[in-house]
Structures are given as structure tokens and as C-alpha cells.
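Thanks for coming. Please have a look at it first.

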Amino acid sequence: MKITEEMVDYVSQLSRLRLPQEEKVRMTGELEQILVYMDVLEGLDTDGVEPMSHVIPLKNVLRADEVVPSEDRAALLSNAPAPDEAAFLVPKTVE
């Protein structure tokens with residue numbers, strides 16, 4: 001596919017970039033090289049290759065969820081300046 005300066009103008013407009021004329025000429029060549037390489041990748045035989053999201057295998061490093069009792073509510077509210085039976089009381093901030 002031949003990349004034209006009009007295509008570069010369109011892409012730069014979509015990405016909200018202003019390119020000077022010499023940059024447009026350079027980008028035209030670079031985008032053509034990208035498409036040529038995509039044609040090379042298109043020609044690769046990928047039969048039998050398992051799709052993957054990462055090059056190296058990843059494992060979950062998070063711990064397993066466990067149900068544990070929470071802290072004692074009375075102990076948590078003991079330092080509150082104005083505790084309620086079940087919560088911290090704070091001044092109203094929104095009218």
C-alpha cells in the first residue's frame with residue numbers, strides 16, 4: 001500500500017499533531033516501512049503456534065483470599081473524637 005501525504009495529514013489530524021512538511025515526508029517513508037514489515041509478518045507460518053498475551057509465562061503473585069475476622073469495632077472506635085455505636089461521626093461537609 002502506498003502511503004500518501006494526505007494519509008499522513010489525516011493520521012496527524014486524528015492524533016492532534018501538527019507536522020512540518022519535512023516531518024510529513026519522513027513520516028510517509030516510516031509508515032510505508034511499517035506496512036512492508038507487516039506484510040513480512042503476514043507471510044509467517046503460525047500454524048500450531050499457541051496464541052499468547054506475553055512472551056514469558058506469568059503467574060499470579062497475589063495471595064489467595066482468606067476469610068478472617070476483622071478488628072474489634074469498640075477498639076477501633078475508642079480513639080474517635082465523636083464515636084457512634086457503629087461509626088465515626090464527622091462534621092457535615094456538603095449542604
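Start with Lys2 and Glu32: they form a salt bridge, and their closest N and O atoms are 3.2 Å apart. By salt bridge I mean a side-chain nitrogen of Lys or Arg within 4 Å of a carboxyl oxygen of Asp or Glu. Lys2 sits in the segment before H1 and Glu32 in helix H2, so this pair ties together parts that are 30 residues apart in sequence. Helices here are DSSP runs of H or I with at least four residues, strands are runs of E with at least two, and both are numbered from the N terminus.

A word on what you are looking at: this is a predicted model, where local features need pLDDT of at least 70 and side-chain atom pairs count only at pLDDT 80 or more, while totals for chains, interfaces and linings use all residues. Residues are numbered from 1 along each chain as its sequence is written, and side-chain values use heavy atoms, with hydrogens and water left out.

Back to the pair. Lys2 is exposed, at a relative accessible area of 59%, whereas Glu32 is partly exposed, at 23%. The cut-offs are under 20% relative accessible area for buried, over 50% for exposed, and partly exposed in between, with a 1.4 Å probe and protein chains only.

How many salt bridges does the structure hold? There are 4. Two that I want to show involve Arg26. Its side chain meets that of Glu23 in a salt bridge, 3.1 Å from N to O. Arg26 and Glu23 both lie in helix H2, 3 residues apart, about one turn of the helix. The side chains of Glu30 and Arg26 also meet in a salt bridge, again 3.1 Å from N to O. Glu30 and Arg26 are 4 residues apart in helix H2, so about one helical turn separates them. Through shared partners, the salt bridges join Glu23, Arg26 and Glu30 into one network. As for accessibility, Arg26 is partly exposed at 45%, Glu30 is partly exposed at 31%, and Glu23 is partly exposed at 22%.

Next, the helix packing. Helix H1, residues 5-14, packs against helix H2, residues 21-42, at an angle of about 100°, and their axes are 9 Å apart. Axes are lines fitted to C-alpha atoms, for helices over the stretch in contact, and angles run from 0 to 180 degrees between N-to-C directions. H1 and H2 are therefore roughly perpendicular; angles of 65 to 115 degrees count as that, under 35 as roughly parallel, over 145 as roughly antiparallel, and the rest as oblique.

Which residues make this contact? From H1 they are Glu5, Val8 and Asp9, and from H2 they are Gln21, Lys24, Val25, Met27, Thr28 and Leu31. Contact means heavy atoms within 4.5 Å.

Lys24 deserves a separate remark. This residue of helix H2 is buried, with a relative accessible area of 17%. Leaving out residues up to four places away in sequence, Lys24 touches Glu5, Val8, Asp9 and Leu19.

Asn79 lies in the segment after helix H3, which spans 73-77, and is exposed at 71% relative accessibility. From C-alpha to C-alpha, Asn79 and Asp47 are 66 Å apart in space, and 32 residues apart in sequence.
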